[in-house]
Structures are given as C-alpha cells and as structure tokens.
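Biologist: Hi! Could you walk me through this model while I have it open?
Modeller: Happy to, just ask away.

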Amino acid sequence: MNKTAVITGAASGIGRAASRRLLDAGWTVFGLDVAQARLDAVAGEFAAYQGRFRPVRCDVSDAADVAAVFAGLNTPLNALVCCAGVLRTALMEDMSIEDFDLVLNINTRGTFLCAQKALPLLRQAATAENPSRVVLLSSLAATRPKVVSGAYAASKAAVTQLCRVMAAEWAPSGVLVNALAPGTVDTPMVHAMADPSQSKGYRPSGVSPVGRIAQPEDVVDVMMFLLSDAARYVAGATIPVDGGTGAAFIPPGSNR
Ligand SMILES: NC(=O)c1ccc[n+]([C@@H]2O[C@H](COP(=O)([O-])OP(=O)(O)OC[C@H]3O[C@@H](n4cnc5c(N)ncnc54)[C@H](O)[C@@H]3O)[C@@H](O)[C@H]2O)c1
C-alpha cells in the first residue's frame, strides 16, 4: 500500500496522532503546521519512518502560503485531514476583533483554503474503487456551543456546513468529504485552558458519559474508518466522537 495524505496541524494533538497512525499504516504524510519548532520536534519523533513524514511549514489561513505549498507537493493525494485549529475564549462583549478574526481565519477559512487547493490532487488519486477522502475537524461546539467560546463555535458550525456542501459537490468526482465532531480531547489545546489568563472562564465539556475524556487516538480511530473502504458510501457526515456528551443535557447536580 502506497498512499499519500496531507495532515494540517500535524505538530500537535490530534494531527500528530493522526500522522503517526497513517505512518504506521504505511502512508506517506505531508505534515503541515505553522509552528516550525514543534514541527521539527515531531519530524524528529517520526525519523524512524524512513522519510515518509514530510514536514512543511504552512499557515493555513494564508491563501498565498497554502497555494504555494499545495502547488509544490507534486503528487496525487489519497487524503486530506484538516486538524489545524485554534481556540480563543472571551465573552462576546469582550472578544477582541483580532481574536475573532484569528479563530475564523484559521478554523474556517484555513479549512476551505486547504480543501480547495488539495482538490485537484485528490481527484488525481481517486478511482472508482478507491475514492479519495477529506476529513475535517468540526467539534461538538458546532451543535452545542458554550459561553465564552462563541467565535470557536461559529467557526466549527461553518466547518460542518462546508463539509456538507463540499461532499455534495465533490463526490461525483470521487472525493468523499466528511467531518469529525469531538467533545473534549486530551491535547495541548485543552491543556492551555487550565491557565485562567487564557481560559477567561471557559470550561471544557470534560468527562463524557463514557466516564473519561477522549484521547487523540479515540478520534483517530474514527478518522481511520472514514479513510477506509468501509466508509466508501459515507459523504457529508459530521460524526460525533464525544462519548455521548452531546447526546442529552445533563442538568447541573444530576448524579448521572
Ligand atoms: N482538543 C479538543 O478538545 C478538540 C475538540 C473538538 C475539536 N477539536 C479540533 O481538533 C483540531 C485539532 O485540535 P487539537 O486539540 O489537536 O489542538 P492542538 O492545539 O494540540 O493542535 C493544533 C495544531 O494546529 C496548528 N495550527 C494552529 N494554527 C495554524 C495555522 N494558522 N496554520 C497551520 N497550523 C496551525 C498548531 O500549531 C497545532 O500544532 C482543531 O481543529 C480543534 O479545533 C479539538
């Protein structure tokens, strides 16, 4: 098996775990991230994969950067996984315009830019038997937004809607687009919220009805399903990976 993927946000959290899983499965992975030092460190971790991890510095919110990176890949792509994302928190009345723009530009615009520029390469690799895949990272926040994270919730609701429309537009040419909607996942994005100066009162959803928070691998398992032949007829779906957190409201003080 000789498949190739681009994973954005590959230097941390879910993107890093996704990269490792695909490398283990024999894929070549172009790992895109804006954080050069962390990307270098991850490339060092993945050195044993005989050069199949290709780190590429890219700011997904920068149209010129994204266009140059995808033009330079020069290879058909079997998959694009868009993990690059940021969380900035504030009450809507306090949120700076800079932070609002940052969240929307990276989470929504960046997802759109990467998917649009990857499309010709995904179409090149697609066959009737093996459609190419796009997996976007939405969030439970898209359907169950929380106070102090309105911009983030809006950015992820937009990702879910982009997913649905791209899926309908691109499935006829052999590119299946889907998204994942995790609840709280144990990654640096959530760890940063332990610092009150960053969280500004934001509370992660925390432990799910399953009894723990997710590890990145819990999300990557469902991503692998979406990349597999078993998902050959799945398009336009946003699959919750939240241990049931979004399934029902648990009233404060309930012991369930
Ligand atoms: N951790 C959670 O609880 C959770 C829950 C639901 C959805 N998600 C989503 O999953 C995705 C991955 O999140 P994570 O928890 O692994 O976060 P993370 O902070 O661990 O990793 C995100 C990565 O994206 C990179 N990035 C940020 N801005 C970028 C840019 N402009 N260009 C390129 N790369 C950029 C960061 O450098 C980082 O390496 C995000 O889209 C996030 O919104 C996370």
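Modeller: The chain has eight helices and seven strands in its secondary structure. Its radius of gyration is 18 Å, close to the 18 Å that the globule rule gives for 256 residues, so the chain is as compact as a globular protein of that length. Keep in mind that this is a predicted model.

Biologist: Thanks! What box do the C-alpha atoms fill?
Modeller: Along the principal axes, that box is roughly 50 × 35 × 35 Å.

Biologist: And how much of the chain is buried?
Modeller: Buried residues are 44% of the 256. As for contacts with a separation of 6 or more, 73% of them join residues 24 or more positions apart.

Biologist: Now the helices. At what angle do helix 3 and helix 4 pack?
Modeller: Helix 3 (residues 63–73) packs on helix 4 (residues 97–125) at about 20 degrees, and their axes are 9 Å apart. Because angles under 35 degrees count as roughly parallel, helix 3 is roughly parallel to helix 4. The crossing is right-handed.

Biologist: Which residues make the contact?
Modeller: Helix 3 brings Ala 63, Val 66, Ala 67, Phe 70 and Leu 73, while helix 4 brings Leu 113, Cys 114, Lys 117, Ala 118 and Leu 121. By class, that is nine nonpolar, no polar and one charged residues.

Biologist: Switching topic: where is Glu 93, and is it buried or exposed?
Modeller: Glu 93 sits in the loop between strand 4 (79–82) and helix 4. Glu 93 counts as exposed because it has 5 C-beta neighbours inside 10 Å.

Biologist: What separates Glu 93 from Gln 215?
Modeller: Their C-alpha atoms are separated by 33 Å, and the two residues are 122 residues apart along the chain.

Definitions and conventions:
Residues numbered from 1 in each chain as written. Predicted model: local features only at pLDDT ≥ 70, side-chain atom pairs only at ≥ 80, totals over all residues. Axes fitted to C-alpha atoms, helices over the stretch in contact; angles between N-to-C directions. Helix = DSSP H or I, 4+ residues; strand = E, 2+ residues; numbered from the N terminus. Parallel < 35°, antiparallel > 145°, perpendicular 65-115°, else oblique. Left-handed = near helix turned anticlockwise from the far one by under 90°. Contact = placed C-beta atoms within 7 Å. Nonpolar A, V, L, I, M, F, W, Y, C, P; charged D, E, K, R; others polar. Buried ≥ 20, exposed ≤ 12 C-beta atoms within 10 Å, placed from the backbone. Rg over C-alpha atoms; globule rule 2.2 N^0.38 Å.
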